[in-house]
Amino acid sequence: MYLQTRHILALLTLMAVVFMAWLSPQNAQADEDRFSAGGYFRISARPDFQGGWSKLGLWNISGRLMNETQWAALDMRLQLIKQTPGTNEVWTSLHAKIEGGTAHGADLLNGTLGDFSLTQLYVKAGNVLIQDVVWQVGTLDYYFGDLGLYDMKFAEIFYDTVGMSATWNHKYADLLVGIGDSGYLKHSNGYSPVLTFGLATRIKPTDGFEFGVGAELGYEPSVEGSSNAPHQTRFDSASGVTYESYVRKEVLQDFVEKLSNESLLETLYPRPSATSALSYKIVGYLGFGKLGALKWNNLFFNFLRQHPEQYYYETFNNNEKRIYIKDWTDERYQFNIGDEMNLAIVENRFDLTWAALFGYHYDKDDKISASERNRMIWSIVARGQVYITPTVHILVETSFAQEKSLNGNLWRKSAGSMWNNDGGIASARGLEYGDLDKRNTWQGKIGFVLNPGGAGIFARPSLRLLYGTQYSNMHNAFVNSNVETQSQSNEFYGADFSSIPDRHWHHVISIEAEAWF
Amino acid sequence: MKHKLFICLFIFMSAVASMMIAGCVSQTPVPQYAENLTFAVAYTHDDMNSLSSSEIKDSVTASLNSVLTERNLKVHPISFHAIEQQLLAVRDTDRRIQALRASATGAQLILFSEISTEFYSPLSGRYRWDVNVNLTIYDMINRHTLNDKFTVPVALMYSHEDGDDAIAAAQIDIQRHMGSLIDAFMKGRSVRTDAELPPATRAAEPKLVVPAPTPAPEPVVATPVEEPKPTAEEPDSSTEPAPVKQESEGDSKTGESETPADIWSK
């Protein structure tokens, strides 16, 4: 509630400031040119007669189309000192972006402003101290590009950093250097400063070829006595506490059960040890195109070490303890690579875009439990668009995705899996889930697109009437309100679990619109 | 069972869409002006970060010139290189127009497009640009001008794309504005009758000689000055909705709202 109120107040304050500046009578004419706004939205109506919540699949690995829901963004700019052409005079502008994922009547949140936030706020200034360098103070988010079919940005740095950056722009190269603090977004209410340093460069040797590399490093220093700074509650081997205790959230129980007398808990429970934390991300980009039918090809990759978690609480026999888990969460790595190719097969008649991604995610601390931290994923998506007229198009898209759990079963293949999956489970107490260690998902989408702006797969605004279907070897592979638990099963089916229908196919019709403005 | 339901529903909705495509909505034909008029046409892409200017891609200028030719107006292109020095020397439209006059021999009118581009910001996976356009029609004889200044927001796909790509992406909007500006300027001038029109440009309704001007972009600010003085050949330029000889119904009158033509004429 507090968070929601804070968001609304921030939003209202920002809007008031911007509009007061805009409406200032003495500068009315000048301000008309100085203030501008851009934005983006997508909204859809997707009646789902299979118990789903208006998404064809679970996430964007099958392509973003029909797997994303509402979004709205307003990006405002106030040019405090306008750039003067042909001079090296100082210029400066203020940018603010408000965005969120809901719209009135279109989803469960019904457009509440509490679900919007001020995701970007920064000031840019040019020609200060160094000519042709643009300084940015505030949020620093930077990316080389986007896999449009997936809506994923593998080559992105400073997403959660607030600080200062300097960008030098040249015809053949750009260079960005930045420094700031990522503590609030990484830890939120458990804020502890995460000093973040990063750089990125993009080299543009010719018109049809460019590449870039970048990196960021996050360092969270040890702060003695700060409850939010990185610590580890260290247990010796005699305590009975292992990594498995943490996975099961039974650390305190295991510790107490090893004690000869529970009253010794306060005396013997280990004090947190202060430590520091480190995370990093290396990104790369390769782009080429303007070769016949090939409009452009984007290749992005990243390799990252996630920032460790802080702590959580456990309660056992009315004893509550905070357990610091830096050492148990500091070896989570990801490698992701994705490519997207945009082809004009028949100019102004038929365009084709295909994309593929591969990801290998592993947690070196966790060798025992099935989770999305230990998995290998890949997928391929292809979208074709036929232009019947410049504004009326037919869209066809298909995708196949596979996710493989590296530490055992992670998904259910049928409604009855929760009762008859012992054969697939290594631990009877459940470090796995369900009876599938591999989830395969196929999707197909077809429909009409009205593009007032003309031909182009990515031309917008886009008004679409689509039908989408999905087949997955997982039961209920979409966000839904179907029977999932024992109590729900008892309510709807009694003891006859076998009568719960398996649901591998999913069908959705979508009426939707998307636009940048 | 549900598969069938969905497929049936989809087929039904597709059929509705197909019917719409099949011609329920007919396009408004563009006016075909009867006078033998030639427009001298010039384009420039002004860099916002320096005082340099460059030419606009041939594919874009060809597309924009088609706005004139499809109205039965002739195009006399002025090469960017022929006027580059004059364009670089000044940035205000009036003086640039005066500089263009020397290159516009044989043309009765000048259509001058000054386009500047400016990167706005990355936006939800795209690259948002502003394309600022200043269109001016100048009458070589009467020195009337009519002007339309507007900004087209463009979201480009790729980071390597630049101002030229932004202009290409905005060309449909620029075409619409240009068509509207030309029709506003030509308001009151005679057009070909339906029988004279090529089949592709005829109106759907046989009695419709000339359509109302494209309503799309709200224009237009212009220079001068005095009220127009309609002649026998040129009906009142404030006439709404159509600017032309209504051969079957005689001259139409009235119309109180201020139009671009009201503003420009001197």
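Mentor: Let's begin with a term: two residues are in contact if their C-beta atoms, placed from the backbone, lie within 7 Å. Keep in mind that this is a predicted model.

Trainee: How many residues does the contact take from chain B, and how many from chain A?

Mentor: Apply that 7 Å cut-off between the chains. The contact then takes residues from both sides: 28 from chain B and 34 from chain A.

Trainee: Which element gives the most to the side of chain B that touches chain A?

Mentor: Start with the elements of chain B that give two or more residues to this side: α1 (2–24), β4 (109–123), β5 (126–139) and β6 (145–156). By class, the side has 15 nonpolar, 9 polar and 4 charged residues. The element that gives the most, with 9 residues, is α1(B).

Trainee: What pattern does chain B follow along the sequence?

Mentor: Good one! Chain B has 7 helices and 6 strands. Of its 266 residues, 38% count as buried. Read along the sequence, the pattern of chain B is α-β-β-α-β-α-α-β-β-β-α-α-α.

Trainee: Now for chain A. Why do the buried residues of α5(A) line one face of the helix?

Mentor: Helix α5 of chain A covers residues 251–258, and A:Val251, A:Leu252, A:Phe255 and A:Val256 are buried there. Look down the axis of α5(A): these buried residues line one face because they fall within an arc of 120°.

Trainee: Which elements do the buried residues of α5(A) pack against?

Mentor: Follow the contacts made by those buried residues in chain A.

How values were computed
Residues are numbered from 1 along each chain as its sequence is written. Chains are lettered from A and ligands numbered from 1 in the order in which they are written. This is a predicted model: local features need pLDDT of at least 70, side-chain atom pairs count only at pLDDT 80 or more; totals for chains, interfaces and linings use all residues. Helices (H or I, at least four residues) and strands (E, at least two) are DSSP runs, numbered from the N terminus. Ala, Val, Leu, Ile, Met, Phe, Trp, Tyr, Cys and Pro count as nonpolar, Asp, Glu, Lys and Arg as charged, and the others, Gly among them, as polar. A residue is buried if 20 or more other C-beta atoms lie within 10 Å of its own, exposed if 12 or fewer, and partly exposed in between; C-beta atoms are placed from the backbone. The arc is that of the directions from the helix axis to the C-beta atoms.
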